[in-house]
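Please read the points below with the sequence and the structure side by side.

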Amino acid sequence: MTDKPIVVIGGGPAGISAAQTACDLGAEVVLIEQRGFLGGTPIAENYASLTPHMRSAEEVVGAMVERLTASTSLEVLLDAEVTGLSGEAGAFALDVAAGGAVRTVDCASIVVASGFRHFDPGRETQMYGYYEYPDVIALQDLEAMLKAGDVRRPSNGETPKRLCFIQCVGSRDRHIGNEYCSKVCCGVASKEAIEVREAIPDCEVFIFYIDMRMYGYWESQIYWPAQERHHVQYVKGIVSEVLAKGDKLLVRGEDTTMGRPMETLMDMVVLSVGMEPSAGTRKLAGILGVEQNKYGFIQAANPPLDTVSTSKPGIFAAGAALGPADLEDCASSGAAAAARALSAARMVIGA
Amino acid sequence: MPTATPAHYKNDSPAGFPDVDPGYKHRLFEQVMADHRMPDYIYGCYECGICVAVCPSARFYDFSPRRIAQAVARQDFELVFQQMQEDIWECSQCFSCLRCPRGNNPGGIITVMREVAINEGLATAKQALEGYSRIIYKIMSTGTQVSPDMLQPDAFPDWGPEVKDVSVNLDLWRRALPPETHHTTSTGWSVSERTLIELYLIWMQTGALSMIKDVDEGLHMILEEVMEERLEEEGIEI
């Protein structure tokens with residue numbers, strides 16, 4: 001067994017999964033998190049429930065954190081930031097700034113799980129007015145309302161009677177530069193749509209989409225129930241702009257199913273923002289010297305069957321640092337990266 | 001009834017028929033949705049278009065089973081009303097659209113919409129069925145649809161010159177057919193007395209006969225007479 005620890009950077013679902021796996025396999029683990037708490041974006045951004053099983057984010061992620069922090073071979077550094085790297089696989093020295101001091105952590109290998117951030121709707125090139133109209137919000141804003149059990153129009157505090165989601169905001173767009181699909185927003189929007197219908201039964205809920213991407217079981221877990229049981233109205237056609245009309249929002253687009261232009265009034269508009277590499281992911285890629293793809297995510301070096309190796313030996317990546325990922329992807333790639341990090345460490349020792 | 005304009009379109013009455021009371025449209029929609037078959041006919045539509053791809057009517061008309069399923073799924077009662085004026089009569093009820101991967105049955109939805117249109121005596125239902133008086137008469141009075149003796153030399157020029165040849169010795173031609181049940185000229189095939197009486201009972205008891213009343217009063221009168229008379233002979237009272 002290697003005597004040097006494995007470092008996991010990022011304490012979200014992928015990082016927790018990686019740290020847990022490495023601990024379970026008998027390694028010493030140092031988990032570095034820039035925020036003051038573990039749990040990552042689901043906790044930081046107030047997710048109400050997780051897609052597709054709709055269990056409370058706090059409960060599910062909380063249980064992960066609880067189990068991990070009970071490990072005796074784990075050291076957690078909170079409010080900590082990686083500032084430099086030297087050495088090579090098997091003998092890395094990582095500079096970590098925490099609590100006003102910089103400390104060097106010696107480690108055998110590294111797992112980067114620095115995650116994503118929600119696309120900033122201020123950058124979208126349609127005209128949805130996220131920063132202009134209070135009733136235009138984003139997926140995570142609605143999550144926070146659902147978590148608080150209080151979905152209201154920010155403009156006047158009224159309960160919405162008509163609410164719509166606009167899909168693919170910041171994704172699949174050449175103008176913005178994010179040509180990729182963010183993978184989870186169709187499912188998340190549908191999940192939130194169901195939750196709104198359950199919370200406010202007389203609120204009509206619409207989803208305007210380019211195409212619904214409900215891979216695998218999400219189809220029957222979320223999409224079909226949303227349509228069949230909760231009567232969420234899916235309208236194929238994307239919205240070109242949102243305008244104020246009285247105290248409502250006028251949504252303009254094409255109803256491609258019926259083959260005609262469409263204008264309709266909404267009380268609230270929810271932008272289904274996609275995923276972008278987090279600031280941490282971008283910065284770490286530079287510090288660690290791992291290749292990024294054109295979108296800034298960390299490039300998996302040997303796709304398709306090796307999903308967690310980076311361009312640099314001894315450094316592995318997991319979760320949404322590699323690109324859009326759902327929680328199951330994050331848990332899986334976290335565990336895979338940990339196992340690979342450990343085997344890399346052992347191979348170096350054995351060599 | 002929903003108060004907001006349900007629709008999603010520029011015009012306030014995008015579905016047409018702006019003069020028709022929305023309350024009436026909504027009542028018809030509710031009737032369609034209340035039909036006990038509907039839960040099996042519409043689940044949700046993801047617009048794959050297979051129903052349009054297999055639809056023979058869609059090749060000849062501006063007709064789309066997908067739009068029918070979508071309008072009902074969206075509970076767009078204005079649009080459903082519009083479709084009850086026109087689209088539903090363009091369907092040939094072949095049910096090719098049952099290939100829907102979601103298990104929807106657009107043809108079945110149309111069946112229900114047609115029944116509501118007929119029961120409500122919509123003008124378009126009358127119009128659509130106008131040309132079919134003779135067929136309705138044949139089906140309801142004999143239990144068979146087109147009968148060989150409808151093949152008159154000049155009746156259906158678009159059926160080709162053979163019609164004329166066949167119509168000359170119709171009885172002989174029919175006797176040349178192997179199944180004896182086809183040795184008929186005034187019905188499509190021979191229908192037993194018992195079957196006919198059962199059919200009359202079904203037409204009368206299920207309300208199928210009274211559906212015709214609003215559409216074609218004369219036809220309804222004739223059929224009712226034929227059926228009542230026959231049933232009376234059998235000593236059956238309705």
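1. A residue is called buried under 20% relative accessible area, exposed over 50% and partly exposed in between, with a 1.4 Å probe and protein chains only. B:Glu237 therefore counts as exposed, since its relative accessibility is 78%, and its place is in the segment after helix H13 (217–233) of chain B. Helices here are DSSP runs of H or I with at least four residues, while strands are runs of E with at least two, both numbered from the N terminus.

2. This is a predicted model, in which local features need pLDDT of at least 70 and side-chain atom pairs count only at pLDDT 80 or more, whereas totals for chains, interfaces and linings use all residues. Residues are numbered from 1 along each chain as its sequence is written, chains are lettered from A and ligands numbered from 1 in the order in which they are written, and side-chain values use heavy atoms, without hydrogens and water.

3. Helix H4 (residues 65–73) of chain B is mostly covered, as nine of its nine residues are buried; among them are B:Arg66, B:Arg67 and B:Gln70. After H4(B) comes B:Gln75, which has a positive phi, near 55 degrees.

4. Chain B as a whole has 13 helices and zero strands, and 44% of its 238 residues count as buried. Its C-alpha atoms fill a box of roughly 65 × 45 × 30 Å along the principal axes. In chain B, 67% of the contacts (heavy atoms within 4.5 Å) with a separation of 6 or more join residues 24 or more positions apart.
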